Amino acid sequence: MNHMIEELAALVGRDNVAADPASLEAYAQDESFVPRLTPWAVARPGSAEEVQRVVAWANETATPLVPVSSGGQHFHGDTVPSTPGAVMLDLRRMDKILRVDRRNRMAVIEPGVTYPQLQAALAAEGMRVTPPLLPRADKSVVASLLERQPTLIPRYNFHLPEPLRSCGVVWGNGETMFTGEAGTGPESLEAQWQAGGVQADPKGPAQTDFFRLLTGAQGTMGVVTWAAVKCELLPAAHEYLFAAAAELDELVDFTYRLDRLRLGDEVLIFNDSYLARLLASRDGVTVDPDALPAWTLVLGLGGREYFAAERVAVQKKDSEVLAGEFGLTLQSSIAGAATADIAAALAGCCKTPWKLAAEGACADVLFVTTLEEAPAFTEIAHIVADGHGYAAEDVGVYIQPQHQGVTHHVEFSLPYDASVAGTREDMSDLSDDLAANLMAAGAYFSRPYGPWAQPVYNRDAAARDALRKIKAIFDPAGIMNPGKLCFGAPVAPRALAEKEA
Amino acid sequence: MSPSYAKPTTPAETAAHSPQIPDDAYQALEDIVGAENVSRDAAVLDTYAFQWLAELVRPDQSHYMARPAAVVLPGSTEEVQAIVRLANKYGLKVKPHGTGWYHWSGPIKDSDATLQLDMRRMNAIVEIDEQNMYAVVEPYVIAAQLQAEILPLGLNLNIPGVGCSSSIVASACAYHGAGPDTYYMGGNAENVLGMEWVTPEGEIVRTGSLGSGDGWFCSEGPGPSVRGICRGTLGSRGGLGVYTRCAVKLAPHFGQTEWNVEGTLPAYRLPIHENLRVYTLAVPDWDAWAEIYYRIYDNEIGYIFHRQFNLAGADLAAAFWLMYNDASKTLSDVPELAADPEIIALTEELRISFQLILAGRSNDDIELQDKILDAILEEVGGHKVERFCERDMAEFTNVYLQRLGHKHINFVWAGGYIGSWMQFGTPDWVKGYIPTAAAGLERDAAGGKLVQCGGDAMMGSGSGIPLGGATGLEQFVSYDPDDYDSTVAGIKHMEDAVGDAAAISYPPGKEFLYLQIGWTDEQIWDALAHAKQPQAFHYQRKIKEAFDPNNVGDRMYPTLPEGYTAGE
Amino acid sequence: MALTDYRADAMRCTRCSYCKWIPFDLVKSHQFAKGCPSIEAGKFHAYSAGGKLVTALSLMDGRSEVTDQVVDIAFKCQLCGNCDVACKLCRYDMEPILALREFRAHLVEMDRVPESYRPLIERTRAALAGKGPKTPADRNAWAEGLGLKDPTAEPVDVVFYAGCKYSLEETLRETVRTQVRLLQLAGLTVGLFENGCCGGLADKLGYRDEAAEAGQRMLKQWAAAGVKTVVTSCADCRHVFTRVYPQLEGAPEAMPQILHTVECVDQLIRDERLELATPVPMAVTYHDPCNLGRQGEPYTQWEGVEKKIYGQAVVYDPPRPRHNGAYGVYQAPRDVLAAIPGVQLVEMERSREAAWCCGAGGACREAFPEYSAATAAERVEEAASTGAEALVTACSRCELNFTEAVAADTASGGPGADLKVHDVLELVALSAGIGKERS
């Protein structure tokens, strides 16, 4: 066996290294349109120490590392290697929940911890972590938070990385540190807990928000080996209300006002196509797509701790009054779908990625904006789709208010059948075209996956230059997921040749 | 009045010990901003060197930090850029300040020729986007001004603990930004959106969505957030470039949209909107104090949450605040008030107390919040302090906490104030240092060289991070900066506080940051190297090398030299 | 008194910058939050009250010398007292306005004054020596035909003191005559001395000796005639009578009652000695003159020492009275306006203790005309922003400054174009049937 494989095996254990095609196939491509590229090997560290050893080795050998901590299908291309000779750093063995602290409402988890796993553990303490929309069962909580995936409850989203707090990191240069408040204490979680620290503040240490250099980074700066997350209390009382509309415009002002008044827990908007597919993907759920409203605002009302039911009742009354002011009526159900099914979808996870259920493949274009721009962006999506022969009514739209109503995640989801020859290429073109049109119209691609990176960093050359300087500090050898974002792909030919030997 | 303890000197001697810049550099500055917007008049320079807390850290307890080589008033981002580029060319330091309150606003080292940038000409509110709840401001917009403009729109903003006289840009981009509103409204770290940053090289970096030309609304990205190197727990305090604009996220305002303050100064009053409640709450002991904070967090009630009035000292707070609310009284009346049996009883009642403003979006909502608060009080054994919840004191509390325009009361006793302790953590953890902090102040004030107002003179936000979970209590230690012995006692207190905290295995507090201003580089490096994870400061050195190759920024952006480890 | 008396104040300045703004609780907008005209014009921190204190400290500490810039810092200031109000919001140990006045006097002693001061003080000295262009008799020309009494010859209810502006400015002639006629209409016998300047200009310039000489002459005059009540329409003069005169050598134990005419008229209205029957339909906004408002509150002389309680808390022995603007003459003019049928008062954002200076104070109208005019323009803009048709005040110097600022705006299309400017008592006189509206 190649001696480099031996070296890796020595670092993480022979059973935790693989280089056979079958093991590598899952990493070679994903649901996005990034070019397929099979990694050279996969290493599965079981601890931060092992991660550090692998990173050090990768520096010595100029080996690209691609961190991944979720299982199953991936969607954004960030975990598909961009350079040959890459080693997948699969963190799923690091799946311990290190601490659950009800009093301070904090949990500390390793990157391999999934949503179902964490939510079950937290539920035992009457808590949960605010989830994103229907994550797949093997979705890593840490990965989701690091990628700033939007969560469902805008009023808890005091800034976009919430509920991510302090982290432990192995930087691309092999050095370790803790970020946030944890960075001001000893480099030992146990010692910090002993002293009463709970890793709650994500800021710092000192003048740098180190954790923000890791968010949205697609694994290009370092590897997070543990993360502290803020938990919410499970509501003791909860119900859903819905506002149906024929046009997205009708929901905009009301949504703004809900966000401003911090009314409700879940606040999100679907179009019929998106909601239909979301629900249809779930076992035992019946949905009538044609009966669904063109647009649905989902408003969850939760009550926690004292007088929980009354809390819900007061919010319900306030919401209904408010809706009336905007010419809307809140209902406890919508045509075409059962409330219980919607509730379950928002509370749970899916075994397999739900977006693939309809047609087998799905192209997603996602960005952030201010809400009043969303209707115009939706119009652009329809026009571009139409121009590529894709039915506008099949474009799924999901809008998630974030940052208490200041930022809104907008996601266009286009299912398609990849088994039909040429379709994938067509959809790739459509996706590129759609992204280009949206960018030109002011959509902010804050998470520039795959082909979006180049136009984003062309526009914002100052950010590109700054990020390259930052990258040169934390990953001077450029081994962390090279080729992503605005970072090049240095690979020493000698090392590559050795790997292929 | 004490005899002057200033070391005798002459203008020539002072000038000889103060850095100068070449005449052609000065001429170039005049060309950039206009001759009327730059000065190197010695007295003018001294008004920038003179700073609160300087006397605690400077040689001979001088009240002056280092004198700038020139003071410059830029009027635009382009002018700032030109000044910074000039500084690079001539090897000068650049030290911007907003309103300039804190000894690190001024130049730090006598050996550095520093251009002090006073940002007061850049004072515009650039934009208020009501629907998207953000405002864009230049550095000399203070929180009071923006709040006044947005309250009629039903919006509010987080005002940091220093008060509404502070620069929003400075707080959000270059310092800390937490205060009584942070629990509900977010701190300025969470609220800052796009920033416009003139780097120490004179490049312009616009963070988040701003850099992509998509507006101000998003601070993150693209990809990793560049803003991550702009500020962390603290910002660069003027030591890494100049922030010329930023956007901040606003918050809902649930009170009256007409700001009609009543009352006779100094105790203005703001009538309390029907959907607001303004309470001073007391608990029987510190265990109950921690309990009630956790319950407030978990029940998600509270709009403004702060332990404010205790800053006057637990022994004297009742007497002080009632004196303050009587326009005909002065500090001379405090002893008599403090001896009044009713005030004595009130003092005891207020011993462990704090302030909480509730805001409801509707009548039903506020009534329910009241009900929740009553249930919490019942459970922890707390109660509403009747006298402070009476209309006069409640309306005073309302205006005080909503506008935060009385923060200069920090200095009321003797003109000097140190904030010591204020280690930040969970209520359970903070509870652990309170007795030591109180005993320490009691001990240090026993000799009469500090104001004796009771050992507990602590103030702090209900939570310095949004949603709850982290608080801190800061001792308000009052000394007379005109009195050498009192000033020296203040320094000793800071040193004692560091030691007292270490003795109970707590890290040092705010006083540690203050003391460092007067240290040598080596002393600071030693302290940084002894941090539990000094690698943060090595990374900051690398960030500085990358963005400030000519060392235009000063050591308020702290770094460790390459290879420097503890014990050297 | 010496500059070093204020060393402690300077040392205890914390550079909080409150002195630059109106009390923050009162801020209602971005534009009208500022309180200090000096720093708005001078821009450097040195121009604020705290900055002036530190400038003085720097000199006292031997770190710097008096330069033209220092002179500009010290004197380009209306002594409007906003700083005093704002600082004292939180402090009981600072006396900013007294320190600023002392700083001026100190520089005057060094003969380091703005060049524009020299002709002013020369004129003052000439007038004191009886060599001025206007004699005391000239100064009373405005009162011709009004039947004012000689207080040395017969008892009078009140002695009226016009002040320099009302005495000598043609444009104010009608106003001052109307004021006196109002008092007479209420049945008061009004006396008028022949005398000169109250000493206010010299006092603001920092020439204490000249101010003292003028003051002592006036006090002698009052004493000799047994004056009980002095009424003046000039807020500056009232300020000097109440704050400076009691400190002068030879000042009596019991000073005569000093009233601004508007205070007097307020009482006359309450006593129903004036009937205001004619409606004056006008939306007005009222400007609080600095020296009647925040600097016009009852003033108690104090002499004592600093003492400390609770270790280091700074108090005074005997307790030092607190002059922080809380009890200025704010309400009397408002009550007078409220008594005029048809007048609607709409307040500016910066009113009462937070009023933005008209610009004329501190001798700035004479010594720094551009600065004075710019300050007035800011206030006129604020007045216009209320939507009122008239800006009303109770001080000759304010009235002059505003009239000129409005004229400038009218010529240039500025925000205060066509705004009317009136003295409060003009409107009273109209309503009482004895005045006519100024065209």
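Helices (H or I, at least four residues) and strands (E, at least two) are DSSP runs, numbered from the N terminus. Axes are lines fitted to C-alpha atoms, for helices over the stretch in contact, and angles run from 0 to 180 degrees between N-to-C directions. Contact here means that the C-beta atoms of two residues, placed from the backbone, lie within 7 Å.

The model is predicted: local features need pLDDT of at least 70, side-chain atom pairs count only at pLDDT 80 or more, and totals for chains, interfaces and linings use all residues. Residues are numbered from 1 along each chain as its sequence is written, while chains are lettered from A and ligands numbered from 1 in the order in which they are written.

Two strands pair if DSSP finds at least two bridges between them. Strand E3 (residues 229–232) of chain C is joined to E4(C) by four bridges, and the two run parallel. C:Thr229 stands opposite C:Gln257 in E4(C).

A further open sheet of chain C has four strands in the order E8-E5-E9-E10, with parallel pairing. Strands E8 (343–345) and E10 (420–423) of chain C stand at the edges, each with a single partner strand, so one side of each is left without a neighbour in the sheet. From one strand to the next, the twist averages 35°. Strand E5 (residues 282–286) of chain C runs parallel to E8(C), and three bridges join them. Opposite C:Ala283 stands C:Gln344 in E8(C).

Helix H18 (residues 396–412) of chain C packs on this sheet and touches strand E9 (390–393) and E10 of chain C. The direction of H18(C) makes about 170° with that of E10(C). Helix H19 (residues 424–432) of chain C lies across E8, E9 and E10 of chain C, at about 80° to E10(C).

Helix H17 (residues 369–385) of chain C packs against H18(C) at an angle of about 75°, with the axes 9 Å apart. That makes H17(C) roughly perpendicular to H18(C) (angles under 35 degrees count as roughly parallel, over 145 as roughly antiparallel, 65 to 115 as roughly perpendicular and the rest as oblique). Among the contact residues are C:Ala373, C:Ala376 and C:Val380 of H17(C) and C:Phe402, C:Ala405 and C:Val406 of H18(C). By class, the contact of H17(C) with H18(C) has eight nonpolar, two polar and two charged residues. Ala, Val, Leu, Ile, Met, Phe, Trp, Tyr, Cys and Pro count as nonpolar, Asp, Glu, Lys and Arg as charged, and the others, Gly among them, as polar.

Chain C is divided into domain 1 (1–114) and domain 2 (123–275). The bounds come from an automatic or database domain assignment. The C-alpha centres of these two domains of chain C lie 30 Å apart. Five residues of domain 1 and four residues of domain 2 make the contact. On the side of domain 1 of chain C that touches domain 2 of chain C, four residues are nonpolar, none polar and one charged.

Chain B meets chain C through 73 residues of chain B and 58 residues of chain C. Helix H3 (42–49) of chain B is one of the elements that each supply at least two residues to the chain B side. H3(B) gives the most, with six residues. The chain B side divides into 38 nonpolar, 24 polar and eleven charged residues.

Within chain B, both faces of strand E13 (residues 304–307) are covered. B:Ile304 and B:His306 on one side and B:Phe305 and B:Arg307 on the other are all buried (20 or more other C-beta atoms within 10 Å of the residue's own; exposed means 12 or fewer, partly exposed in between; C-beta atoms are placed from the backbone). Three bridges join E13(B) to strand E14 (residues 353–359) of chain B, running antiparallel. B:His306 has B:Gln355 as its bridge partner in E14(B).
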